[in-house]
Amino acid sequence: MSRNLFSRYIWLIDTIRRHGNITREELNSLWKRSEFSNGEPLPRRTFYNYRNAIEELFKINIECNPTTFEYSIDDGGDSHNESVTEWMLNSAAMSNVLTDAREISERIFLEDVPSARYHLASVLGALKSLKQIHFTYSPYTRTNPTRDVIIEPYFMKLFRQRWYVTGRNIREDTIKTYALDRMSDVLVDTAGYEIPDDFDAENYFRDSFGIVFSHGEAKQIAIRTDARQAKYFRALPLHHSQQEMVHDTYSIFTFRLKLTPDFVQELLSHGPRVTVISPPELRAMMITSLEESLANYR
């Protein structure tokens with residue numbers, strides 16, 4: 001598929017989504033002002049071909065209201081699917097923009113996602129076809145790698161520039177999470193499997209900050225930030241449960257989360273601009289970590 005054609009799909013999806021409801025006449029008017037049209041309207045047959053291609057590629061339906069003859073995006077009411085689609089569209093749009101900026105590439109600096117280059121396609125394929133994965137795993141906590149790990153992949157998650165796959169470890173009969181950039185010798189098996197009906201991927205990490213799973217109960221957490229740090233948390237929330245109470249010179253943010261080491265590290269990364277108010281267990285974890293860090297400098 002040509003990049004120009006792909007860009008047209010992105011333009012069409014983005015335009016309809018931004019307007020909510022739009023007629024063919026309004027869409028044509030916008031199309032004629034776009035970089036793709038040469039001032040010409042979008043032919044009806046071409047529009048229908050684009051609709052079909054968008055549905056096939058992105059699983060996005062462009063619906064037409066038979067009463068008003070307005071077009072809109074049907075998201076199916078699934079917020080998770082919508083967020084995945086939004087991520088795909090943002091990634092595609094960014095790819096298009098950056099491709100046009102190759103001549104100034106020496107002035108553009110991006111974050112690396114190492115796991116996306118090597119095993120992402122293989123693991124996604126196994127997830128889609130419900131096939132087992134064999135691989136060697138080299139965690140940072142061990143010197144020697146674990147060989148011939150076999151899992152049934154249940155879902156994937158992107159967190160902090162790394163892709164992770166969560167699934168049932170066959171030999172241990174337990175659900176575990178693996179980072180793709182620590183996997184090697186990845187092989188998709190022909191053996192199939194079924195995801196248990198009682199497993200809910202959406203809820204597995206629902207009360208977790210990142211990818212560290214805990215069997216503990218979720219706690220009500222309150223942290224205090226200065227007014228400047230609060231702006232960052234508003235722009236990029238730490239968790240979907242985040243809520244804010246604004247005061248004159250500070251804000252109180254609350255979360256419902258399990259207490260995991262990666263969340264402690266996240267709070268520590270903001271230094272003195274963040275203070276844990278409750279619960280006591282989290283305050284103790286923060287104090288212990290700070291004292292251990294301070295001891296390294298004594």
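The structure is a predicted model. Strand S5 pairs in the antiparallel sense with S4 and likewise pairs in the antiparallel sense with S6. Helices H9 and H10 cross at roughly 65°, and their crossing is right-handed.

**Strand pairing**

- S4 spans residues 131-137 and S5 spans residues 146-159; four bridges join them in the antiparallel sense.
- Within the pairing of these strands, His 134 has Ile 150 in S5 as its bridge partner.
- S6 covers residues 162-169, and eight bridges link S6 to S5, again in the antiparallel sense.
- Thr 166 in S6 is the residue opposite Phe 155.
- In a regular strand, side chains alternate between the two faces of the sheet.

**The S5–S6 turn**

- Two residues lie between S5 and S6, which form a hairpin.
- Arg 160 is in this turn and has a positive phi of about 50°.

**Helix packing**

- H9 runs over residues 261-268 and H10 over residues 280-295, and their axes come within 10 Å.
- Angles of 65 to 115 degrees count as roughly perpendicular, and H9 and H10 are therefore roughly perpendicular to each other.
- From H9, the residues in contact are Phe 263, Val 264, Gln 265, Leu 267 and Leu 268.
- On the H10 side, they meet Leu 282, Met 285, Met 286, Ser 289 and Leu 290.
- By class, this contact of H9 with H10 has eight nonpolar residues, two polar residues and no charged residues.

Definitions and conventions: Residues numbered from 1 in each chain as written. Predicted model: local features only at pLDDT ≥ 70, side-chain atom pairs only at ≥ 80, totals over all residues. Heavy atoms only, no water. Pairing = 2+ DSSP bridges. Axes fitted to C-alpha atoms, helices over the stretch in contact; angles between N-to-C directions. Parallel < 35°, antiparallel > 145°, perpendicular 65-115°, else oblique. Left-handed = near helix turned anticlockwise from the far one by under 90°. Contact = heavy atoms within 4.5 Å. Nonpolar A, V, L, I, M, F, W, Y, C, P; charged D, E, K, R; others polar.
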